[in-house]
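Please work through the exercises below with the sequence and the model side by side, trying each task before reading its solution.

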Amino acid sequence: MIQFNSNIESHGNEHQRIFHGDALEVLSQIPDESVDLIFVDPPYNIGKDFAGRKDKWKADEYYLNWCYQWIDLCIQKLKPTGAFYVMTSTQFMPYFDLFIRQKMTILSRIVWAYDSSGVQAKRYFGSLYEPILFCVKDKENYTFNADDIMVEAKTGAKRKLIDYRKNPPQPYKNEKVPGNVWDFCRVRYRMEEYENHPTQKPVSLLERIIKASSNEGDLVLDPFCGTFTTGFVAKENNRDFIGIEIQEDYYKIGLRRLGIATEYKGEYLEKEKKSYETKNII
Ligand SMILES: C[S@@+](CC[C@H](N)C(=O)[O-])C[C@H]1O[C@@H](n2cnc3c(N)ncnc32)[C@H](O)[C@@H]1O
């Protein structure tokens with residue numbers, strides 16, 4: 001793990017280090033070309049409430065200028081063989097795409113699609129996906145562990161079809177590398193992995209990204225950790241991790257979820273009980 005000379009509050013050990021501070025400030029202290037994989041799920045500028053911090057800029061330009069600063073820093077911190085995954089809302093992703101494609105190769109424009117049984121738009125087509133860009137610095141030299149992320153090939157093998165384009169003809173394979181439309185459930189209140197955060201990303205989504213684009217012992221960075229899903233999955237898969245989160249409530253989730261501390265400022269860190277778990281059953 002790289003060494004830091006930072007006066008920003010941080011906790012961790014030789015394999016994982018998390019910072020309680022501002023992404024731009026911490027990012028600028030990370031050595032250049034030191035990180036293998038960066039996953040960024042920033043505020044989307046759509047008005048979410050992150051523990052009292054409003055996710056809304058005065059004008060779109062302010063939001064984009066702020067994003068361009070951390071995108072540039074991420075690129076600077078990434079190894080020449082590194083991979084960069086970045087999310088934002090559908091309306092801002094075209095700007096990200098135009099900005100990043102001048103600096104990196106965008107290999108995949110991924111759609112994370114999900115269903116919703118909640119309130120639906122009635123006068124337009126509701127938004128049921130979030131875009132993700134998968135980018136690399138060097139399109140000839142990057143990690144992609146296809147064998148570790150195979151999914152079921154739903155057609156072909158199941159129907160016992162034969163691929164006559166092969167010589168000799170062969171049965172279709174029953175596994176394939178996922179395409180760029182990903183179908184993972186959003187994290188909902190009753191799910192085991194749920195934490196108290198408005199935009200928690202699912203473990204399954206981060207598993208695909210981390211397994212595909214890093215190897216054991218590699219360094220993964222997430223500058224906007226929220227519930228620290230990225231760090232949790234990195235640890236489970238023996239990757240090193242650096243995380244940044246500005247809000248203390250979420251930083252405490254990170255300390256607990258990554259097993260770094262059981263106490264913070266005298267407070268015992270435990271997962272918030274769900275309302276149905278605290279009801280007295282007679
Ligand atoms: C979209 S959420 C990330 C959710 C996360 N991927 C997860 O799975 O839980 C963005 C997070 O960035 C944090 N944040 C906002 N501004 C920040 C800043 N300047 N520096 C660091 N973190 C920031 C917010 O508090 C919020 O938790």
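**Exercise 1: the whole chain**

The secondary structure of the protein chain comprises seven helices and 17 strands, where helices (H or I, at least four residues) and strands (E, at least two) are DSSP runs numbered from the N terminus. The radius of gyration, taken over C-alpha atoms, is 20 Å, close to the 19 Å that the globule rule gives for 282 residues, so the chain is as compact as a globular protein of that length; the rule itself is 2.2 Å times the number of residues to the power 0.38.

This is a predicted model, in which local features need pLDDT of at least 70 and side-chain atom pairs count only at pLDDT 80 or more, while totals for chains, interfaces and linings use all residues. Residues are numbered from 1 along each chain as its sequence is written.

**Exercise 2: Gln 16**

Task: determine whether Gln 16 is buried or exposed.

Solution: Next, apply the cut-offs: a residue is buried if 20 or more other C-beta atoms, placed from the backbone, lie within 10 Å of its own, exposed if 12 or fewer, and partly exposed in between. Gln 16 counts as buried because it has 24 C-beta neighbours inside 10 Å.

**Exercise 3: the partners of β7**

Task: find the sense in which strand β7 pairs with β8 and with β13.

Solution: two strands pair if DSSP finds at least two bridges between them. Strand β7 (residues 105-113) runs antiparallel to β8 (residues 129-136) over eight bridges, with Glu 130 in β8 as the bridge partner of Trp 112. With β13 (residues 181-183), β7 pairs in the parallel sense over three bridges, and here Val 111 stands opposite Val 181.
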